[in-house]
Amino acid sequence: MTTPDAGWRHARRANSLPEVHGSITVPPEGASFWRKLWAFTGPGLMVAVGYMDPGNWATDIEGGARYGYMLLSVVLISNFFAMLLQHLAVKLGIVTGRDLAQACRDHYSRPVSFVLWVLCEIAIAACDLAEVIGSAIAINLLFGIPLVWGVVLTILDVLVVLFFQSKGFRIIESIVAGLIFVIFGCFVYEIIASHPDYFALAEGLIPKPQIVTDPHALYLAIGILGATVMPHNLYLHSSIVQTRAIEQTEPGKRMAIKFATIDSTVALFLAFFVNGAILVVSAATFHSNNLRDVADIYDAHKLLTPVLGAGAASALFAVALLASGQNSTLTGTLAGQIVMEGFLDIKLKPWMRRLITRGIAVVPALIVTILYGEKGTSELLVLSQVVLSLQLSFAVIPLVLFTGSKLKMGVFVNKSWLQAVCWIVSAIILVLNGYLLFQFFTGA
């Protein structure tokens, strides 16, 4: 391209993830609904991974143990927010042919764009930190390997990611889907084994005043919200929807938006089931047995089998945790590449980019594990979620701005009612995450 698109300052110089851009064919306009849906299925599952990563587990476990099913409504509301924001990311990528990082680089001045890049890299490193710790804890629980060596072992997944990246994007999507269904299957078993009170569970989906009036419940609720909507997922989704070779016409883009949105919405319902299941199992197992001080992954694992009397419960819990950590690693790799190439317009070899990101996550995890052991890693998981909360608004606000711009989006601009809803959701996220950070840093 030699001239800028309407609404953009500069011409688009490169496709997002150029090695896989438009690499997956889609059926023609006259094809059946299910053929089209199958062609667009995949990116949503990759995004859903970020909504069930190890960083979410501790909050869900503590929420269920302390308050039973009450905070299930918060998990549901958080998921609705996520569905809305991922829909905007889909629209931006398909309509403009730019991912969110590329759009920010074009729209903002160089200094502002650089600051946004730094903040995003910090968020990705924080997310990677949660994956490293989660995977190391799972390895420790399953095989008894010390946490320090578990952290070191997570470096090896660099080789796994690089190997599968060279095999095509559908392979990556299939691996992610497979691991998601492993997690899903593990929690179906956990729920059956824990015999939850299904009436109380259904009641938990309705918001209660106590969530706001109880300071600790409010803190946990904000933690669930802050840990659910992941900033790097917005960058990731706006890029990977472009792996489909769609017709660059209005009908072609409308079809792509429709099926990509269905894909992400269904996938996020799976993510809701997993996050909800963690909370439900914790509520049924610990809250119902007056074990209300269970606040981390280790406590939950130790108590699952003795309380439930189901021999496989603890093992499947650890298997699901390992699958969650490894899945998040795959998508974190791509998000890191998208953000660096989009903001800085530079390209690094995949192995170098991955080692840099992994190194940033592994070094602090190693130091904390060596110095403080099990307790330190649990606290580091919480800190990683606070860092993600800090970054979230810096991704959400540009996304809402861009998709609400008639110049940038043309006929695909957000409708007035949708834009109003988006700003309300953005304001809620901004205020609640600000409150979470205030609580965390003041110890209030």
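Predicted model: local features only at pLDDT ≥ 70, side-chain atom pairs only at ≥ 80, totals over all residues.
Let's start with the largest pocket, which has a volume of about 520 Å³. It is lined by 27 residues, and the closest to its centre are Arg13, Arg105, Gly342, Phe343 and Asp345. Helices H5 (100–107), H6 (110–143) and H16 (313–344) each supply at least two lining residues, and H16 gives the most, with five. If you sort the lining by class, you will find 11 charged, nine nonpolar and seven polar residues.

Next, turn to the surface. There, Trp149, Val152, Ile155 and Leu355 form a nonpolar patch with about 360 Å² of accessible area together. Ile155 sits in the loop between helix H7 (147–153) and helix H8 (157–165). With a relative accessible area of 33%, Ile155 counts as partly exposed.

Finally, consider the charged pairs. Side chains of opposite charge can pair when their charged atoms come close. The structure holds five salt bridges. One of them joins Arg98 to Asp106, with the closest N and O atoms 3.8 Å apart, and both residues are buried. Another joins Arg244 and Glu173, where the closest N and O atoms are 2.8 Å apart. This pair links distant parts of the chain, as Arg244 is in strand S2 and Glu173 in helix H9, 71 residues apart. Arg244 and Glu173 are both buried too.

Glu250 and Arg254 also form a salt bridge, at 3.1 Å between the closest N and O atoms. They lie four residues apart in helix H14, about one turn of the helix. Glu250 is partly exposed at 40% relative accessible area, and Arg254 is partly exposed at 40%. Elsewhere, salt bridges with shared partners join Arg170, Glu173 and Arg244 into one network.

Terms used
Residues numbered from 1 in each chain as written. Heavy atoms only, no water. 1 Å grid on protein atoms, 1.4 Å probe; cavity = no way out; pocket = protein on both sides within 12 Å on 5 of 7 lines; lining within 4 Å. Points joined across faces, edges and corners; volume = space filled by probe spheres on them. Nonpolar A, V, L, I, M, F, W, Y, C, P; charged D, E, K, R; others polar. Patch = residues over 30% accessible without salt bridge, like charges linked within 9 Å, V, L, I, M, F, W, Y side chains within 5 Å. Areas by Shrake-Rupley, 256 points an atom, 1.4 Å probe, with all protein chains shown as cover. Salt bridge = Lys/Arg side-chain N within 4 Å of Asp/Glu carboxyl O. Buried < 20%, exposed > 50% of the residue type's maximum accessible area, 1.4 Å probe, protein only.
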